[in-house]
Amino acid sequence: MFKLQKLSGSLIFLSFLLTVIGYFYSSTLVLIAGCLAWLAFIFLYPTLTNKKMINILLLLSLVAFLFSKTMGFDVNYVKLISVNQYLLTLLIAVGFLRLVATPKQEKNSTLPLGKSSFFKTYLGIHLFGSVINLSSLVIVADKLYKKGPLTKAQVITLTRAFSSDAYWSPFFVAFAAAVVYTPNLNTPLVIMNGLVLAFITFVITFVELKFRKDYKLDSFRGYPISFGTIYIPIILATLVLITNSMYKDIKIIVLISLYSVFLTLFILIIKNRVFKAFEEFFNHINNELPKMKSEISLFIVAGMFGIVISSIIVGYEVTLPFEVFDWKIASLLLLVFILLAFVGIHPIITIAVIGDYFSQFNHTLLAITFLMAWSTTVSTSPFSGLNLTIVARYKYNAFEIFKLNILYASLMYIVCCAILMLLYYNFIL
C-alpha cells in the first residue's frame with residue numbers, strides 16, 4: 001500500500017506537469033493528465049477515511065451515465081475525465097508553497113492576550129491562509145489547543161478569518177473553481193469585490209466579539225503568526241500580475257500554478273544545498289501529495305457528476321425559467337448554494353452541476369456568486385472541510401460551530417445580496 005501511495009504522488013505530480021505543458025502545446029496532454037489523476041484516485045481510494053460522499057457521487061454518476069446512454073444523449077468524454085483538471089493543478093501547485101511559506105512556530109510558550117492579539121491572529125490566519133490554505137489555520141489552532149480547549153471566540157476567529165479568503169484569494173481552490181466554470185470573468189473586479197467582503201467579515205467579527213461580553217475580547221488568547229515570510233505571497237502575486245499584464249491570454253490559474261512550483265523550488269535551493277532542496281521537493285511529491293486524496297477525489301468525482309447531469313439537462317432541452325441573470329437571480333442562486341451546503345452538498349458539486357448550464361450568462365456576476373457561496377458556507381456548514389477539521393482535530397462540537405456562525409452567515413447573505421445589486425447596476429449591467 002505504501003508503494004501505491006508513493007506511485008500516486010508521482011502520478012499526481014505528472015498530472016500537474018502534463019496539464020501545464022498541455023495548456024501551451026496540446027489539449028491531448030490535458031486529457032492524459034486527467035487520466036493520470038483518475039488513476040491516482042483509484043490507487044488512493046482504499047485509503048480514504050470518509051468515502052460516503054464520494055461513493056454517493058460515484059453511484060449517482062453511474063446511474064446518470066447509463067440513463068444518458070440509454071436515452072441517446074451525448075456525453076462529453078473528454079470533459080468527463082478532465083473538466084476539473086485545472087482546478088486540481090492549482091490545488092497541487094499551491095500545496096508546494098507549504099514547503100517555504102509556512103510560518104515558523106513561535107518559541108515562547110506564553111500566548112498574548114487582548115484586542116491586539118485578536119487583530120494579529122485574525123490577520124495572520126487570513127493572510128497566510130490565502131496562500132497555504134488550511135495549513136495556516138492548523139498551525140494556529142494547534143498552538144491554541146495545547147493551552148486548553150478552544151473557546152467560542154477562538155473558533156469564531158479561526159473559521160471566519162480562514163473562510164473569508166475564499167471571497168478573493170486567487171490561490172484558493174474556490175477561486176480556481178470559479179475560473180474553470182467562468183473563464184471570461186473580470187479578475188480585478190472579482191478580487192476587489194472579494195477584498196471588500198473579507199474586510200466586512202472582519203468588521204462584523206470584531207464588533208460581535210467586542211460587544212458580546214461572554215466572548216471576553218479583552219482576554220482573548222491568540223497566536224499571532226510571524227510575518228517573516230510575507231515576502232512569498234507578495235512575490236507570487238507580483239509575478240502573476242506582471243505576467244498577466246504582458247500575456248493577457250494566459251489563464252491566471254495556469255500562471256499561479258507555474259509560479260507556485262517554480263518559486264518553491266527556487267527558495268528551497270537558496271535556503272538549502274541543491275541536493276537537499278530536491279530531496280525536500282521530491283519528498284513532498286511522494287509523501288504529501290497523496291495526503292491530498294480527499295480533495296482530489298472530491299473534485300474529480302464532482303466534475304464527472306456535473307458533466308453527466310449536464311448531458312441529461314441538455315438532452316431534455318431543459319430551459320432556465322429566466323432569460324436575464326441579474327442580481328435577484330444571483331441572490332436566489334446564492335441562497336440555494338447555502339442551503340444545499342447546510343445539508344452536506346459541497347459547493348464544488350453544485351458548481352460542477354450548474355457551471356456549464358449557466359455559462360451563457362455574465363461570467364463575472366456568476367463567479368462572484370460562486371465565491372460568495374463558498375466562503376459563506378465553509379465557515380458555517382457542519383460538513384465543510386474546515387469545520388470537520390476543527391471537530392476531528394480539536395474535539396469541538398459541529399453543531400456548536402453552526403450556532404456560532406449561523407447569524408453571521410445570515411448577515412453576510414444580506415450583505416452579499418446588497419453587493420450583488422450594486423455590482424449589477426454599476427459595473428456589470
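I take a pocket to be an open set of points, on a 1 Å grid over the protein atoms alone, with protein on both sides within 12 Å along at least five of seven lines; lining residues have an atom within 4 Å of a point. A volume is the space filled by probe spheres set on the points, which are joined across faces, edges and corners.

Housekeeping first. I am working on a predicted model, where local features need pLDDT of at least 70, side-chain atom pairs count only at pLDDT 80 or more, and totals for chains, interfaces and linings use all residues. Residues are numbered from 1 along each chain as its sequence is written, and side-chain values use heavy atoms, with hydrogens and water left out.

**Entry 1: second largest pocket**

I looked up its volume and found about 790 Å³. Its lining has 34 residues, with Trp168, Pro170, Ile191, Leu195 and Leu241 closest to the centre. Helix 11 (187-211) is among the elements giving two or more residues, and helix 11 gives the most, eight. Helices here are DSSP runs (H or I, at least four residues), numbered from the N terminus. By class I noted 27 nonpolar, four polar and three charged lining residues. For these classes, Ala, Val, Leu, Ile, Met, Phe, Trp, Tyr, Cys and Pro are nonpolar, Asp, Glu, Lys and Arg are charged, and the others, Gly among them, are polar.

**Entry 2: largest pocket**

Here I read a volume of about 1,900 Å³. Of its 45 lining residues, Leu134, Ser294, Glu295, Gly385 and Thr389 lie nearest the centre. Helix 19 supplies the largest share of that lining, six residues. I logged the classes as 24 nonpolar, 14 polar and seven charged.

**Entry 3: cavities**

A cavity is a set of points where a 1.4 Å probe fits but cannot get out. I found two of 30 Å³ or more. The largest cavity holds about 60 Å³, and Trp38, Ile81, Asn84, Leu88 and Ile300 are the closest to its centre among 13 lining residues.

**Entry 4: a helix pair**

Last, I checked helix 16 (residues 327-342) against helix 18 (residues 363-380): they pack at about 30 degrees, axes 9 Å apart. That makes the two roughly parallel, a label for angles under 35 degrees. Axes are lines fitted to C-alpha atoms over the stretch in contact, and angles run from 0 to 180 degrees between N-to-C directions. The contact (heavy atoms within 4.5 Å) includes Trp327 and Phe337 of helix 16 and Phe370 and Met372 of helix 18.

Notes:
Angles under 35 degrees count as roughly parallel, over 145 as roughly antiparallel, 65 to 115 as roughly perpendicular and the rest as oblique.
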